[in-house]
Number of protein chains: 2
Amino acid sequence: MLYSKTFTKTRKEAPKDEVSKNAKLLIRAGFIDKLSSGVYTYLPLGLRVLRKIETIVRNEMNALGAEELLMPALNPKENWLATGRWESMDDLYKIIDARGKEFALAPTHEEVVVPLVKQFISSYRDLPLSVYQFQSKFRMELRAKSGLLRGREFLMKDLYSFHEDEEDLKRFYKKVEVAYKKIFNTLEIGKETYRTYASGGSFSEYSYEFQTVTEAGEDTIYICSSCDIGINKEIIKNQRECPSCTGEDFKEVRAIEVGNIFELKTKFSDAFDLNFKDKNGKTQKVIMGCYGLGIGRAMGAVVEVMGDKKGVRWPHAIAPFQFHLIEVPSENPDINARAKRLYADLEKAGFEVFYDDRQVSAGIKFSDADLMGIPYILTIGEETVKKGLLVELKNRESGATRGIPESFSPTKWRYPLSM
Amino acid sequence: MLYSKTFTKTRKEAPKDEVSKNAKLLIRAGFIDKLSSGVYTYLPLGLRVLRKIETIVRNEMNALGAEELLMPALNPKENWLATGRWESMDDLYKIIDARGKEFALAPTHEEVVVPLVKQFISSYRDLPLSVYQFQSKFRMELRAKSGLLRGREFLMKDLYSFHEDEEDLKRFYKKVEVAYKKIFNTLEIGKETYRTYASGGSFSEYSYEFQTVTEAGEDTIYICSSCDIGINKEIIKNQRECPSCTGEDFKEVRAIEVGNIFELKTKFSDAFDLNFKDKNGKTQKVIMGCYGLGIGRAMGAVVEVMGDKKGVRWPHAIAPFQFHLIEVPSENPDINARAKRLYADLEKAGFEVFYDDRQVSAGIKFSDADLMGIPYILTIGEETVKKGLLVELKNRESGATRGIPESFSPTKWRYPLSM
């Protein structure tokens, strides 16, 4: 993509009312725009990142055997009355239409998915099954100051699983846990993301949250020094021992919940009478699990963890582009010809390249590249030619630079590069 | 995909309150589920179709040079007050939060996109620019009886373009018209879809709707016998001549609006003071166009036009799968082995195959295949083996059948097949 052809521009300053690091950097770099507190537009560069995170998560969900569908945001009041959450959920947006019909704007989809699958489940032969979606959710947050970490409208992956018995739920639950770890590793926040004991509600002793440690986090968690697992505030209040290893030494840190996995058991099957006939012809309640992962929130968490004072830094797997090519403006037409050729060769070799072809100073281009955070910055200018190089390469993370000789053409490059 | 692994099932009957052909067939075939009037879940098979339509439209938008972004549904009241539409739009869903802050649930995005691009446009050098999105929109329909043709929540592609002058707008407008025709041709509703004169609002004489002729349509349009263009009811009321060729002979038909292209000119630039400095340094108003295309609605229109009494029929480009493979249950284990091998070979050759591997009667499998509407139905059973064939092929549209010899392996097949 040519910088000159994208309509967004970087900015020196973020809006004054924006306090979170992720939103400040992402707005300055031209990835998102703030419409209202907790409500953001994804600009072309930001949407590329969002879609890449989505694809990573989708591949893991498919590998679990889950089927993708898409449920509506507009939910009839009756479904939410059936579970009692119409009254009990304080942060539920409610709408009333001109005829007096009421709807909830869904913050989660148990109220839709349970009556849906009920139409297709009658026997143990129909189980297990699992479905997921990527869908815009709504939550009436009174304070929304954390950028993408806590939005009023936000893109989530929500997965729901249905089982014959608790053993089968536990097997699947464990697989989702492994898939989540893989996802957070791919997003390069695996080291900072702790599986964290949380309350299991009325049906299980514990559920798990995936908490990414960052100063910007709105939660406080306690990391066990012995076994490296997290425990949330609610749990630590009631017990001073690690539920995993009985250790008693904890480190208190700030963190943001990027995912959760929850054994719902029969909570929603009871509400909607979701039953099946078992092998003996006996009617049983379906056992459920649910598993959330915030796509926009994960993007925000990556920026909180990896961003530095120069700007955003993207992991290889979700960077909007793999290379940021800077042409240092020059009177010498050979420079432009070389940059264009390299751009074409890189694209031909299958790489994604953001090519800064603008007629602005090298200084502006370099600081924009640092702000935007694409992993490798390539530069072509007079100096490159004088040195007899094809291009100069800089690693955005380490700052390390290297000259690439003319003979090392893009068809030979292996991504990520070894530097 | 294996039929036995997907959780949806076909149904004999659609819900009693469902009157539209598209919703009845799509629900019976297991493509969508009705949550509430005008509010549907896309089930795995339906989501495949929806995403394919999205991809076709996306490719055309990118070819126009438009950039994809994603704007929020939750819109602050102030933006809608600025254009007067907070009061004037009867079908706008409004929400009030616990603190008394009001939002609209956006049915269209001029109120967001204009203030957004205003931040990036200052000079004629920043123009033209065009942006688009695929986004769930909301409209407070009091009656919503047409299935996917008119929803309360619906997926739309909306494109907005920004220009220096009306000539440039007209140039782009013409290109979008061509792109739309190409899209409707790919969806195989090109012949039934008429460019139709509609009111241009307060700023242009005319705008264009793309109307697909179908009995289920909620609009009445008039097709000019001389030049084959459509004219909508509003226009024909005031003039009895075709605006294109001055013909006076029309055919009255029912139709559904699947797209529209509209010269907004300065309507929204005025409201948000969207200006630019021209080549002479003079401040001018930006000239705008907007271009909608309903993704779910197009899916519904395809079903209305192409569906027959047996079920849905999908165009090649958007069918959820290319082949529907039926294994006729048999005591002979060779049948199962052959079906499995063909399934593997087809997938290896890059085809998308829906394999009905269930232990149910051939009759059920054949009628399910007709209901689901995948373009080619492949059958393997005792008869196939006796005839010495690899597989028997049926064209869902024409009903024509053909035996495929053992020697004609899937690597040699070219899609669509010549039959």
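**Ground rules.** I number residues from 1 along each chain as its sequence is written, letter chains from A and number ligands from 1 in the order in which they are written. The model is predicted, and local features need pLDDT of at least 70, side-chain atom pairs count only at pLDDT 80 or more, and totals for chains, interfaces and linings use all residues.

**Entry 1: helix α1 of chain A.** I took helices (H or I, at least four residues) and strands (E, at least two) as DSSP runs, numbered from the N terminus. I call a residue buried if 20 or more other C-beta atoms lie within 10 Å of its own, exposed if 12 or fewer, and partly exposed in between, with C-beta atoms placed from the backbone. Seven of the eight residues of α1(A) (21-28) are buried, so the rest of the structure largely encloses this helix. I listed the buried ones: A:Lys21, A:Asn22, A:Ala23, A:Leu25, A:Leu26, A:Ile27 and A:Arg28. Their cover includes β1 (32-36), α2 (44-63), α9 (295-306) and α11 (362-372) of chain A. After α1(A) comes A:Gly30, with a positive phi near 80°.

**Entry 2: α1 against α9 in chain B.** I used axes fitted as lines to C-alpha atoms, for helices over the stretch in contact, with angles from 0 to 180 degrees between N-to-C directions. The axes of α1(B) (21-28) and α9(B) (295-306) come within 8 Å and cross at roughly 95°. Contact here means C-beta atoms, placed from the backbone, within 7 Å. B:Lys21, B:Asn22, B:Leu25 and B:Leu26 meet B:Gly300, B:Val303 and B:Glu304.

**Entry 3: the two chains.** I found 40 residues from chain B and 40 residues from chain A in the contact. On the chain B side, elements giving two or more residues include β1 (32-36), α2 (44-63) and β7 (129-138).

**Entry 4: B:Leu378.** I placed B:Leu378 in strand β19 (376-380) of chain B. B:Leu378 is buried, with 25 other C-beta atoms within 10 Å. Its C-alpha lies 4.6 Å from that of B:Leu393, 15 residues apart along the chain.

How values were computed. Two residues are in contact if their C-beta atoms, placed from the backbone, lie within 7 Å.
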